Amino acid sequence: MSVELHPAPAKRPLGTGGRGDDVIPPESRGWGGGDSGGSGFHAEQRYKLAVWVGLAGVVMLFAAISSAMIVRSAGEDWLHVELPGVLWVSTGLLVVSSLVFEVAKRAAQRQGPRAMRVWVTLTALLGLAFVVAQLAGWSELLSQGVVLKGQPSGAFFYLLTATHGLHVLGGVCVLTYLAARASIRRPWPRAKAVVEASALYWHGMGALWLYVLGLLLYLG
Amino acid sequence: MSQTVEYTEVERHTEPKGFVNHWIFSTDHKVIGIQYLILAVVAAFTGMALSMLMRIRLVWPDRSYAFLETLFPVGAPDGVMTPEFYLAILTMHGTIMVFMVLTTAPQGGFGNYFLPIQIGAPDMAFPRLNMLAFWLTLLSFLTLMAAFFVQGGAPGSGWTAYPPLSALQEATTAGIGQDLWIVSIAIFCIAAMLSALNFIVTTLEMRTEGMALMRMPLTVWGWFTTAVIGLLAFGVLLAGGILLLMDRNLDTSFFIPGGLVVSDRLIDREGGSPLLWQHLFWFFGHPEVYIAILPGMGIISHVLATFSRKPVFGYRAMVYAMMAIAGLGFVVWGHHMFVSGMSPYSAVAFSVLTMAIGVPSAIKTFNWIGTMWGGRLRLDSPMLYAIGFVSIFVAGGITGLFLGQPALDMYFHDTYFVVGHFHLIMGVAAVLSMFAGLTFWFPKMFGRFMNEPLNKLHFWLTMFGVYGVFGPMHFLGTLGHPRRYADITGVNYLAERGSAELHYFITIAAMILITAQFIFLANLLWSLFAGKKAPENNPWEATSLEWAIPSPPPYDNFAGRVPVVRRGAYDYSLPGSAKDFLMQHEPDEMTQEPATRDVR
């Protein structure tokens, strides 16, 4: 009698690999994901993952500065710095800019990339306004006599805001590119991927600022 | 032999035209990999020359050398190296070797070249970012080397740059050299993080069909794990570097304590903590050890399986061990600071965690031996280097167990015992993995073999050299010989116990070791142009995807198509298989067996 045994073994008896499907139709094969194949380059996934990974690196940078600040705040020469009021204005600007970018994203999704150019420009301008407001905060503190030397809490204030500000400026550059690219009447197949990844970064910078502000309020 | 690869047409990249686009500002991961390797070779020979100067200074402290006076009129007036100059070359040797060789070659060099091919991708996920990372790394190297030529010369605060020495303009290493060092490291951090980002996204998103995570070659796992470590560690060093630069130039006081007197002058700073730098530095510094060694572990696993004609013993255990090493590497930094006055409770915690790394390390060693056990060993030069790696990894790892215990470290700290230990485990082991990788992949990269007898000569001279140099250093350490001293000939307790003779032996061994490296360099250059031609795509009869394409690989790796992967990376000597290896893209003979069987 002939008995059918395992017409297609679920798991290979030998070898070191894991699951791998051989049943994907040729037209949908492509790079990415290994197990599932899928089509094309998965640009959206790649860009978004890159931003998540990049944000992890940025978080480590700020975590290191934060931990240094916590250690240093135990020193006897640590003086409390009254945060400049303009920081609340800059916080508001950054929050609004994130909302505007969401509007831009939705406009692009509904009507194509070209529809977002005004909103993205506005987001970039709000980002620039944020940086200007931060500089106004610096000037306010300097006029109060808070300098780098002998005032560690002030030094951390300048360092944290400068490091964050540089990251925001980087984001403004990307937004400027987005606005310019959206204005050109040329096909832009990766628009969705680029916009979503940029939004992720921009919101990340907003969240990071809220963290920095909390740290400055608590320790500074 | 079947060399057919099943492809699907997806996207074809056009090859750049012109020398500059092709070889200088290239976005091709293979060219960038070679650029990293060239940088590492230049850096390695620079670092080696500096180490030779150190050995000369230690053994013949008073002897005058005319060429030194010509090269370094300030550091070696009358041809005799000053103690400050000794510290400067010591600092530069360490920095160049750790950052520009151990961090660039295994990851930036081999990783860039082979990771995309091994996972079946046409390039890295972000080729332009890749190019940017390399050029930033080169800029970092040039900035570092510039420190030799500025007022005050290169910094002398060691590769660990401990403040207050590194943080004070008033200290003996005054000048812009230390600033250049910090800026160079900061640039390097940014480059390394960009590169790590690229590696992570490429590994997760660019794998070809069928290349499940647990089918990836262990080399890819090594590069991926290293990228994760690099991403999380370099940001911390960058933060520390920024703070240090501010202390030096903007009068802040993050690391400079109050009441400090330098050259009879009270330093006008207060409140800073030198220990804060140590915490930040070693939070990066210990994972850095694994950044140097994990890609090597991947290469060694790969080579051992190929030349033992056996699957890697315990593939999954190898992957999990790498992850465990990477994770534990972030929580052991305190063992570099046992003598800093830390709480004994903290010391015990750091010590236990440090010992815990012995477990995954032992798993890996056991599995390497298990891979070779009962295999039909082919003792070609890549295999010799791989076996040498295992030997050095055990020797260097065991001395780590001494240093990981606070009570013993109190004695051994800052002695030559530490120098011997970390050179073996971090330096030599990683470099042997590079030799293994280079000799293994040379036929793929350049379509030619390296000269085998010269490689074997180089291997044996190197093994004698490294044990001859770094073995006796452990004895020097047990004698209580401190490191970083330019001249210790007048110290009685050491002289009576024969330290001078040991130093002399080490210097002779170092000369042999360095001579051997010139043999390798000559072999490398000669083989590029006149080496024996590699006969086919797959001369080593290996299984991973790079061996399925021509040597050297075409611009687009798989000619714009996608290979389909059907199996794990180490299917050697499968029972029932007609040949002793099945490549990753070859159909599975096991599933093609008759599905019916007569059970009557």
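## Helix α9 of chain B

In this predicted model, helix α9 of chain B bends by about 30° at W282(B).

Of the 35 residues of α9(B), 31 are buried, so the helix is largely enclosed by the rest of the structure. What follows α9(B) is R309(B), a residue whose phi is positive, near 55°.

## Helix α6 of chain B

Helix α6 of chain B, made up of residues 127–146, can be checked in the same manner: at 1.5 Å a residue its 20 residues should span 28 Å, and the end C-alpha atoms, which lie 29 Å apart, agree with that expectation.

The buried residues of α6(B) are N130(B), M131(B), A133(B), F134(B), T137(B), S140(B), F141(B) and L144(B). An α-helix has 3.6 residues a turn, so residues three or four places apart point the same way.

## Chain A

Chain A contains one strand and five helices, and along its sequence these elements follow the pattern β-α-α-α-α-α.

Of the 220 residues in chain A, 37% are buried. When contacts in chain A with a separation of 6 or more are considered, 74% of them are accounted for by residues 24 or more positions apart.

Conventions:
Residues are numbered from 1 along each chain as its sequence is written. Chains are lettered from A and ligands numbered from 1 in the order in which they are written. This is a predicted model: local features need pLDDT of at least 70, side-chain atom pairs count only at pLDDT 80 or more; totals for chains, interfaces and linings use all residues. Helices (H or I, at least four residues) and strands (E, at least two) are DSSP runs, numbered from the N terminus. The expected span of a helix is 1.5 Å times one less than its number of residues. A residue is buried if 20 or more other C-beta atoms lie within 10 Å of its own, exposed if 12 or fewer, and partly exposed in between; C-beta atoms are placed from the backbone. The bend at a residue is the angle between axes fitted to the seven residues ending there and the seven starting there. Two residues are in contact if their C-beta atoms, placed from the backbone, lie within 7 Å.
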